[in-house]
Amino acid sequence: WEKNANHGPFNWASAINYATALTLDGGGFHLATISELQDLYNDLLAASVCSGADCTGDIGGFTGIQSDYWSSTEGVAGRDAKDFSFRFGSESGSFR
């Protein structure tokens, strides 16, 4: 994960391109899956660093956590992708 999470705004394709083009620490990044984003959110909640269910802003070692992030998880193949809310801890389908 990048420490500063404040990037974008991106559409789905741009988010994938941004992640795969990262060269930090030798590269090899990918756009997180819904499961990976849910795990990060759960870890932040377990560390009691969120304001209730809202895990946005500067929390723990992360800065600029936004409310919503694209994931690499597709809803309907070729039509939409899933995004994840760090404000509510939930996923939704969104058009790309």
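Does Ser48 count as buried or exposed, and what is its relative accessibility? At 64% relative accessibility, Ser48 counts as exposed; here buried means under 20% relative accessible area, exposed over 50%, and partly exposed in between, with a 1.4 Å probe and protein chains only.

Welcome to this structure. It is a predicted model, in which local features need pLDDT of at least 70, side-chain atom pairs count only at pLDDT 80 or more, and totals for chains, interfaces and linings use all residues. Residues are numbered from 1 along each chain as its sequence is written, and side-chain values use heavy atoms, with hydrogens and water left out.

**The overall picture**

The protein has 2 helices and 5 strands, and along the sequence they follow the pattern α-α-β-β-β-β-β. Helices (H or I, at least four residues) and strands (E, at least two) are DSSP runs, numbered from the N terminus. With 96 residues, a compact globule would have a radius of gyration near 12 Å, and the 13 Å of the protein agrees with that. This radius is taken over C-alpha atoms, and the globule rule is 2.2 Å times the number of residues to the power 0.38. Along the principal axes, the C-alpha atoms fill a box of roughly 35 × 30 × 20 Å.

Of the 96 residues, 31% count as buried. The protein exposes about 5,600 Å², and carbon and sulfur atoms supply 51% of it; such areas come from the Shrake-Rupley method with a 1.4 Å probe, and for residues only the protein chains shown count as cover. Among contacts between residues at least 6 apart in sequence, 44% join residues at least 24 apart, where contact means heavy atoms within 4.5 Å.

**The disulfide**

A search of the whole structure finds 1 disulfide, meaning a pair of cysteine sulfur atoms within 2.5 Å. The disulfide joins Cys50 to Cys55, with an S to S distance of 1.9 Å. The torsion about this S-S bond is about 100°, so the disulfide is right-handed. Both Cys50 and Cys55 are buried.

**Two residues with positive phi**

Most residues other than glycine have a negative phi. Ser48, in the loop between α2 and β1 (57-59), has a positive phi. Asp25, in the loop between α1 (12-21) and α2 (34-46), also has a positive phi. Here are their values together:

| Residue | Phi | Relative accessibility |
|---|---|---|
| Asp25 | near 50° | 81% |
| Ser48 | near 55° | 64% |

Phe88 is found in the loop between β4 (80-85) and β5 (90-95). At 61% relative accessibility, Phe88 counts as exposed. Leaving aside neighbours within four places in sequence, Phe88 is in contact with Tyr41 and Ala53. Phe88 and Tyr41 are 47 residues apart in sequence, and their C-alpha atoms are 9.6 Å apart in space.

Glu2 lies in the segment before α1, and with a relative accessible area of 21% it is partly exposed. Not counting residues up to four places away in sequence, Glu2 touches His7, Tyr18, Leu22, Leu24 and Phe62. How far apart are Glu2 and Ala53 in space, C-alpha to C-alpha? They are 22 Å apart in space and 51 residues apart in sequence.
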